[in-house]
Amino acid sequence: MIITASLFSSCSKAQSTVKQEKDVLNTNSILIVYLTRTKNTKTVAQIIHKQTGGKLVELELQNPYPENYKAIVDQVAKENETGFLPALKTKIDSIEKYDTVFIGFPTWGMQLPPPMKSFLSQYNLKGKTIIPFNTNAGYGIGSSFDKIKELCTECKILEGFSIKGGKERDGILFVMEGEKKTEAEKEIQKWLKKIAILKN
């Protein structure tokens, strides 16, 4: 009886795993790339990863931005003005095997952050499904989602997700925890179902 029960339990777990995998599009073809500074975007990326599976990758620069808030604001403003694309330390092998690419970032200066522009310019995403997600200080996405469409003209762009994070300017940094994280998890699940990444 114990052996039979054990086998039945193992079978049930296997069936549960299969069902969970069927609730998401092919998890092996999902890539989640994100840029984070105060860890809010990282937390959103991790929530998405928990619900969809796939490969989770943080974008890092060869020459990291300064820690001082005003210094990074000034540097990013100059990069946006000149079109400078910072070199990435992060390398993604065999990007061609991914069909769906989530792209996550904070809003910087109401624009798409330069490192994300570097990523979109460096890798060939032609024919892939691109899904943006964003954290912001309460001012929204700015022109960031439109810039993705501009840089990914040969991709299918799905409806993006945006949520209020911290306000580094005011010294409010990591906020994506506790009730805020629970709320984010619900909103992200709702969004993933809406864009048909989660089937149920």
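Visitor: Which residue forms a salt bridge with R169?
Guide: Here a salt bridge is a side-chain nitrogen of Lys or Arg within 4 Å of a carboxyl oxygen of Asp or Glu. The closest N and O atoms of this pair are 3.6 Å apart. The partner of R169 is D170.

Visitor: Before we go on, what kind of model is this?
Guide: Residues are numbered from 1 along each chain as its sequence is written, and side-chain values use heavy atoms, with hydrogens and water left out. Local features need pLDDT of at least 70, side-chain atom pairs count only at pLDDT 80 or more, and totals for chains, interfaces and linings use all residues; this is a predicted model.

Visitor: Is R169 buried or exposed?
Guide: The scale is relative accessible area, computed with a 1.4 Å probe on protein chains only: buried is under 20%, exposed is over 50%, and partly exposed is in between. D170 has 46% and therefore counts as partly exposed. R169 has 54%, so R169 is exposed.

Visitor: How many salt bridges are there in the whole structure?
Guide: Besides R169 with D170, K70 pairs with D74 at 2.9 Å, N to O. K147 and E150 also meet in a salt bridge, again 2.9 Å from N to O. A search of the whole structure finds six.

Visitor: Which helix holds both D74 and K70?
Guide: Helices are DSSP runs of H or I with at least four residues, strands are runs of E with at least two, and both are numbered from the N terminus. D74 and K70 are four residues apart, about one turn of the helix. K70 is exposed at 54%, while D74 is partly exposed at 34%. Their helix covers residues 69-82 and is α3.

Visitor: Which helix contains K147 and E150?
Guide: These two are three residues apart, so about one helical turn separates K147 from E150. K147 is partly exposed, with a relative accessible area of 24%. The helix spans residues 144-151 and is α5.

Visitor: Within what arc do the buried residues of α5 fall?
Guide: The buried residues in α5 are S144, F145 and I148. The arc is taken from the directions that run from the helix axis to the C-beta atoms. These residues line one face of the helix, because seen down the axis of α5 they fall within an arc of 100 degrees.

Visitor: Which exposed residues sit on the face of α5 turned away from its buried side?
Guide: The buried side is covered by elements that include β3 (100-106), α4 (114-122), β4 (129-136), β5 (156-157) and β6 (161-164). The face turned away from that side carries D146 and E150.

Visitor: At roughly what angle do α2 and α6 cross?
Guide: Two packed helices are described by the angle between their axes and the distance between the axes. Axes are lines fitted to C-alpha atoms, for helices over the stretch in contact, and angles run from 0 to 180 degrees between N-to-C directions. The axes of α2 (residues 40-52) and α6 (residues 179-194) come within 10 Å and cross at roughly 50 degrees.

Visitor: What is that orientation of α2 to α6 called?
Guide: Angles under 35 degrees count as roughly parallel, over 145 as roughly antiparallel, 65 to 115 as roughly perpendicular, and the rest as oblique. With a crossing of roughly 50 degrees, α2 is to α6 oblique.

Visitor: Which residues of α6 make the contact with α2?
Guide: Contact means heavy atoms within 4.5 Å. From α2 come T43, V44, I47, I48, Q51 and T52. From α6 come K181, A184, E185, I188, Q189, W191 and L192.

Visitor: What is the relative accessibility of M116?
Guide: M116 lies in helix α4. Leaving aside neighbours within four places in sequence, M116 is in contact with V33, Y34, L35, L59, I103, G104 and F105. M116 counts as buried because its relative accessibility is 0%.

Visitor: How far apart are the C-alpha atoms of Y34 and I103?
Guide: Y34 belongs to strand β1 (residues 30-34) and is buried, with a relative accessible area of 4%. Along the chain, Y34 and I103 are 69 residues apart. Their C-alpha atoms are separated by 5.7 Å.
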